[in-house]
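Open the structure in your viewer and keep the selection tool ready. We will go stop by stop.

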Amino acid sequence: MKIMILGGDGYLGWPTAMAFASKGHEVIAVDNYLRRNIALETSSEPLIPCPNLIERADIFQAVSNYKIKTAIADCADYLQLTNLFRDFHPDAVIHYAEQPSAPYSMIDFQTAQKTFSNNLNATFNLIWAVKEFAPECHIVKLGTMGEYGTPDIDIEEGWIDIEHNGRKDTFLYPRQAGSLYHTTKVLDTDLLWFYVRTYGLRVTDLMQGPVYGLSTAESDLDTRLLPNFHYDDIFGTVVNRFLVQAVAGVPLTVYGKGGQTRGYLNLKDTLQCVELAVDSPVKKGELRILNQFTEQFSVNHLAEKVQAVGNKMGLKVKIEAIENPRKEKEDHYYNAKHHGLMEMGLKPHYMTDEVVTKMLEEIIIRKDQIDPKKIMPRVKWNN
Ligand SMILES: NC(=O)c1ccc[n+]([C@@H]2O[C@H](COP(=O)([O-])OP(=O)(O)OC[C@H]3O[C@@H](n4cnc5c(N)ncnc54)[C@H](O)[C@@H]3O)[C@@H](O)[C@H]2O)c1
């Protein structure tokens with residue numbers, strides 16, 4: 001297949017590009033380096049330096065013999081995106097090209113506006129590029145479990161049946177996100193649903209939980225092929241921050257009561273899920289929504305897990321609750337369904353002690369590069 005990966009330089013986009021190229025697909029990775037630029041602006045550089053997209057593709061070809069085409073282009077610019085569609089004619093597009101940091105979207109007007117216009121324009125332009133230049137193309141869009149928020153009822157897989165005054169209908173499951181970034185993903189879903197109904201597009205919207213890990217079949221070939229690994233408060237997700245804190249000898253910072261529960265998954269499982277979605281495209285006029293995570297943990301549970309494994313490795317890990325910079329429920333009901341991808345064949349890689357040990361070992365060899373100033377929260381929701 002001809003597969004276009006938007007956001008192909010990112011944490012998920014780069015391993016995805018390598019995985020599809022290794023399976024013999026023709027792949028183009030598209031990126032405008034937005035994340036690299038924001039990381040520089042906010043002093044949030046990754047722990048492991050990454051060669052740029054063009055260099056990475058060259059290194060990958062040298063070690064594997066598989067080619068990844070690259071394009072430095074802005075998906076929020078319609079002309080740039082449509083030029084790529086005219087040249088490449090994708091069968092499937094995997095859309096990762098968004099500003100994904102919740103804290104960044106909450107700093108001030110400029111960062112909120114940049115997140116809003118980048119994310120909505122990238123999705124809107126993609127919809128129109130597919131409609132105009134590749135109407136058969138299957139869009140696989142990365143959404144987030146954060147779109148649903150933390151309602152006091154079970155979270156269904158995308159849709160909910162509602163009975164009202166004796167009549168029944170099916171609707172998008174109610175979404176109530178906890179940051180402007182997550183709200184842009186809610187708006188993306190609504191946009192996609194509108195255009196699926198109206199123009200008969202084919203779309204899979206993957207509601208993904210936080211991803212952890214560095215190791216994939218291809219990134220293990222050469223350390224220069226590892227995905228970006230952020231541990232700061234802007235781009236670092238909670239698992240990465242805890243792992244780095246454990247190694248740096250800084251107490252694991254639990255925000256508030258630590259009862260915040262979410263569904264997590266291993267990077268290897270993101271690759272499986274995206275491949276399962278691409279391999280079974282939906283019919284025209286269908287929006288398929290799948291909840292993409294394999295196990296759920298509270299923040300306290302995660303901290304205790306990292307502490308237990310770290311202590312076995314002699315790290316003397318401490319845990320410290322700090323004031324929550326976010327506005328979110330810290331103790332709540334959470335039961336999210338996630339059958340769809342399992343029924344399609346997902347074989348989960350769970351967060352075992354061995355997996356945590358391997359991630360800690362990757363960080364220990366880079367201990368000298370950790371900058372503890374990057375770890376503590378710099379952004380408050382009620383600024
Ligand atoms: N990583 C996670 O834990 C996670 C969890 C849930 C959902 N997601 C979603 O998955 C997607 C990818 O996340 P990630 O962690 O790889 O983030 P990332 O920031 O590492 O990757 C996104 C990439 O998209 C690029 N990009 C952004 N806007 C662009 C534009 N207008 N044109 C071209 N390129 C653009 C960035 O430069 C970056 O390289 C995001 O949409 C995110 O919302 C990620």
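Which helices and strands each supply at least two residues of the shell around the ligand? Select α2 (34-41), β5 (138-144) and α7 (180-199): each of these supplies at least two. Keep in mind that this is a predicted model.

**Stop 1: the ligand and its shell**

Show the residues around the ligand; there are 28. Now highlight Tyr-11, Asp-31, Asn-118, Tyr-181 and Lys-185, which come nearest. Colour the shell by residue type.

**Stop 2: polar atoms at the ligand**

Select Asp-74. An N or O atom of the Asp-74 side chain is 2.9 Å from a nitrogen atom of the ligand. Next comes Val-211, where a polar backbone atom is 2.8 Å from a ligand oxygen. How much of the ligand does the protein bury? Taken alone, the ligand exposes 820 Å², and the protein buries 95% of that.

**Stop 3: the seven-stranded sheet**

Switch to a cartoon view. Trace the open sheet in the order β3-β2-β1-β4-β5-β8-β12. Its seven strands pair in parallel. Select the edges, β3 (69-72) and β12 (286-292). Each has a single partner strand, so one side of each is left without a neighbour in the sheet. Look along the sheet: the twist averages 20° from one strand to the next.

Zoom in on β2 (residues 26-31) and β3. They pair in the parallel sense over four bridges. Pick Ala-29; its bridge partner in β3 is Thr-70.

**Stop 4: helices on the sheet**

**Stop 5: the three-stranded sheet**

Select β9, β11 and β13. They form an open sheet in the order β9-β11-β13, with mixed pairing. The edge strands are β9 (211-212) and β13 (295-298), each pairing on one side only. Strand β11 (residues 261-266) runs antiparallel to β13, joined by four bridges. Finish on Arg-262: its bridge partner in β13 is Phe-297.

Technical notes
Residues numbered from 1 in each chain as written. Predicted model: local features only at pLDDT ≥ 70, side-chain atom pairs only at ≥ 80, totals over all residues. Heavy atoms only, no water. Near = heavy atom within 4 Å. Polar contact = N/O pair within 3.5 Å; in protein donor to acceptor, adjacent residues only side chain to side chain. Areas by Shrake-Rupley, 256 points an atom, 1.4 Å probe, with all protein chains shown as cover. Pairing = 2+ DSSP bridges. Axes fitted to C-alpha atoms, helices over the stretch in contact; angles between N-to-C directions.
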